[in-house]
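Reader: I would like to go through this structure with you, beginning with the aromatic rings. Please keep the answers plain.

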Amino acid sequence: MLDRPWIGPQDSFQDESVNEYFGDADSDLREFEASIANIEEEVLRLEGYDPTGSQDFSALMRSRSYSSISRARARQRIGQQRRHGLHRGPRKAAEPTGDIKLRLGHATEAFIAARYVDAALIIADIIRINAETHEAWSLLHSVFRENNDVDNALKALIYAAHLRPKHTSSWYQCAQFALEGTGSLRSKYLLNAEFCYAAAIRADPANLDARYRKAAVCIERGKIGPAISDYKVILSRQPHDRDILRRLAELYIDQDEASTAIDLYRESITHFKSSSGQPSQVFDWTDLDTYVTLYEHDARYDIAIQQLRSLARWLSGRGAEEFWDEFPDDDREWDSDDKRRTLVPSFNPEKYSVASYGGGLPLEFRIKLGIYRLHLGNRDEAFHHFGWLVEPGGTGEDAASRHPYLFRLVADHLFETNSYKDALSFYQKLRHLTEETDGTLLVQMGKCFLKAQDDQKAEECFQSAVELDVEDIDPRIELAHMYERMGKPEKAFNSLNEAMLLRRRQDHRNSRRPFEELENRKTEEASTVIKKPTRRRYRPRLQTQKRLTQVSEAEHLQSQYFVLRKTCEAMRSGDAASTEAWMDAARDLTDDFRGFKKFYPLDKYIRFLGYSGDSRIAAETPLDMDLTAMAERLSRGLTTSDQTATPAAEIPDDYRGIPFSTWLDIFLEYALCLAKNGEKDEAYSLCEATKDAIVFYHSREDMFLVHVCWCVCALLANDEETCVSVARFFMKDYQFTTDSYRMFAAVTKVCHSPISWYSSGPTQKYVLRQIKAMDYSLVNDSQRKRYFSERGSYSARDESGHPIINDDLDIALLMLYGHILFSSTSYLYALNYFLRAHALDPENPMINLSTGLAYVHLALKRQTDNRQQNILQGTTFLFRYYNSRRNSVHTEERQEAHFNMARTYHMLGLTHLAIPYYEKVFSESSRGTSGLEQEDLIIDTAYNLQTLYATAGNLELAENITMEWLVI
């Protein structure tokens, strides 16, 4: 938008006179006139605004932004000094004029009288006059909020906050409305809340509360990394803040980086111990629970025991008794009596009260000690701690009712450590509590009974689990396995059908309900303040949500894997519908594989050593769960004997129960399907992802298949650049192997595109380096020093990892480089390599043909030393080629020899010599098999002869050739 009207030629004299009249001293008047012109133009543009229609506030703000940008400062006059001390940052908003204040009053009166339409119209008029009126946007927010238009209400509030960007209260108001005023749409506006808190931080970088709230919103959005960054900033300004440490610990566990949180806690614990305050005032039992859980997450149970004992001793007021650390194999320090403690010479029973020993350790931490001892194999010490669950004179059922969570925790860990009989005793005590009995408890009990070979009670538990939760699949699967082993195929088949039916039903069910329940539960838990060690098991903030997500993803992938196997044969046969369904399933499966971080480390040279952490369960759980195989066995009426489980291999060879070889087939077939559909970029990306996966990267056979598929995708896309780039792999990994160079030549020949990439500079340099490396190993040291400036580059390796060095010349490599030079019209240089190949194999027809054509083409160049000599040399090699081919038993080879000689003479202008050879091509062909039924050169020969006769003016012969050979 121009600041002043355009001045045509007819007005130039008038404009000069005006400038001369006012002079440079009246520049302020000119700037005022320019601003008036801007306002007039803006009003004319906004006159088209319809207040009764829907208001697009973002468009209005954009138009305001553009208009403000267009109001450029008047250009500097010659001789006028530039003003210094420019104002930086947002300018202060102008005071509303009297007219705007009057309109605001009318809008407020209309809003109070609940005449929201009238209020909105007045506000829209105010914004048309001056869109930077903060009060107008705030009032518009109230109007939209009363009309339950949450989206526009939030937009108006954010626009108002932008007008006062340094007021953090405005941004707080926006964020609070996005989180609390949007109701069920809260998740949709989490990004707006995060933006508002970030704006508040920009306005006041020292505002830690805004950073704290922003981190909470990031966690709710699943952005763990930014949340960690914000909490670390807060921790740097408020060192050793216990609440921030706990939150960081939760997030680092979710990120599987517990060691980082451990380092933060160690530094803070050192600070707490050096402080003069009471231990419970600077570090309480809840902090200790979080700290030792970090070690538990990493399965570092020995260090967890040492830290728990040391810090619990410090919290109990006995921090000076460090001699207990000399007895790491037992926990006599926390016995209920002094029987074992008196065996320690340094122990003084009169120094501290008895309550600071056995009874001073909360029961939750005692159970943790027992669990850690259990995982370390110290069962006696573990059960010594577990015995504290039952009070003297009490029963197990009473103790379970008082501590159900601890009983369940102990039972689960006993089950994990294969102590099924002991785990069953704890499960049975919980079985009598109705509120604690769920399907998982009953399934675990059933498995324990199976280990004890009590099939009847196991069946009762599984049946009870089915009755308790009709949607639970696990008990039905266990029943199917048990019935199959017991020789009851009908019952097994019924249970299996129910499980598969439930699984299909759950695959199509909306999975948002569990997340909504989780959010409600998190909101309720957030309102409680923990004053003492919690009785509930410590879980990271997002651990439950992750498990729900993993379950949903596993079920979806299972259904997709079923579709992929079902439609595979039809896809390969070319059925369109099956191909589309197969590609959809393959896309989901490959995306899941590509999203598994263990397969794509930062250093791809690291070999795959197995799964660990939270990813292990998902990776080692088969997608089919053997249900299909079991159904096939049962449908045939077969039973299987009870087989003992074979130990798992150290390094797994599958992912989600699918072998890596099958995954490779899925990736490559999916890439080919993408290439056939014209989606070459996606196909290339998939091939690259397959190549980078460490489970394939270190396999020579897998990498060969990946690059073959990559080449095929490039051929389907007719992409010579990618063909040449990928085909280099074969020359690199299979260096000095004749077939690798033939493969490169074949790929570039099949690709129907110009030869620009085949004869490009990078390709020439790469092949030349191969020749230099080949020559380097075949000369002595004196010749190496004389002719070579660097060592040969050997890329191929044997099984031991040593470089493979050639011991002879490779003719295919010499011919390949010669043809690259030949195609780039460098005939003289190409002859060097053709003649080297000729010296190795003088009777080879291809070498003689290439050498002869190079001499002939060199003779036809404008600058040549001796044209006749070059032609003579060329025809000499061509006749050697011709003599070796014309005696061939194959008709195609004899036709080829005649045609090449005729075409050479034709190219030289010796048509009288070319015609007899063309005629010989016809004589080699039979009329019944010419044309499309065999590969011959009849059509090319007839066309050349027709052109030759027509050019010479013999149209009759040209017509005869056409009618005889070219008319179908």
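Reader: Which ring does the charged end of Arg 880 sit over?
Author: The charged end of Arg 880 sits over the ring of Phe 877, 5.3 Å from its centre. The term requires NZ of Lys or CZ of Arg to be within 6 Å of the ring centre and within 35 degrees of the ring normal. Please note that this is a predicted model, in which local features need pLDDT of at least 70 and side-chain atom pairs count only at pLDDT 80 or more, while totals for chains, interfaces and linings use all residues. Residues are numbered from 1 along each chain as its sequence is written, and side-chain values use heavy atoms, with hydrogens and water left out.

Reader: And which ring lies under the charged end of Arg 700?
Author: That is the ring of Tyr 734, whose centre is 4.2 Å from the charged end of Arg 700.

Reader: How many aromatic pairs are there in the whole structure?
Author: The search finds 42 aromatic pairs. Rings of Phe, Tyr and Trp (its six-membered ring) pair if their centres lie within 6.5 Å; planes under 30 degrees apart count as stacked, over 60 as edge-to-face and the rest as tilted. Tyr 817 and Tyr 833 form an edge-to-face pair, 4.8 Å centre to centre with 85 degrees between the planes.

Reader: What does the pair of Tyr 817 and Tyr 833 tie together?
Author: Tyr 817 lies in helix H40 (residues 811–823) and Tyr 833 in helix H41 (residues 827–840), so the pair ties together parts that are 16 residues apart in sequence. Helices (H or I, at least four residues) and strands (E, at least two) are DSSP runs, numbered from the N terminus.

Reader: Is Tyr 817 buried or exposed?
Author: Tyr 817 is buried, at 7% relative accessibility. Tyr 833 is buried too, with a relative accessible area of 15%. Buried means under 20% relative accessible area, exposed over 50%, and partly exposed in between (1.4 Å probe, protein chains only).

Reader: What kind of pair do Phe 822 and Phe 834 form?
Author: Phe 822 and Phe 834 form a tilted pair, 6.5 Å centre to centre with 50 degrees between the planes. Phe 822 lies in helix H40 and Phe 834 in helix H41, so this pair ties together parts that are 12 residues apart in sequence. Phe 834 is buried, its relative accessible area being 0%.

Reader: What does Phe 599 touch?
Author: Not counting residues up to four places away in sequence, Phe 599 touches several residues, including Phe 593, Tyr 655, Phe 660 and Val 695. Contact means heavy atoms within 4.5 Å. Ring pairs also link Phe 599 into a cluster with Phe 593, Phe 596, Tyr 655, Phe 660, Trp 663, Phe 667 and Phe 696.

Reader: Where does Met 583 lie?
Author: Met 583 lies in helix H29 (residues 576–594) and is buried, at 9% relative accessibility. Leaving aside neighbours within four places in sequence, Met 583 is in contact with Tyr 670, Cys 673, Leu 674 and Asn 677.

Reader: New topic: how many disulfides does the structure hold?
Author: The structure holds zero disulfides, a disulfide being a pair of cysteine sulfur atoms within 2.5 Å. The sulfur of Cys 713 is 4.2 Å from the closest cysteine sulfur, in Cys 709, which is too far for a bond. Cys 713 is buried, with a relative accessible area of 1%. Cys 723 is in no disulfide either, and the nearest cysteine sulfur, that of Cys 751, is 4.3 Å away. Cys 723 is buried, with a relative accessible area of 0%.

Reader: Finally, what does the secondary structure of the protein come to?
Author: The protein has 47 helices and two strands. Of its 968 residues, 41% count as buried.
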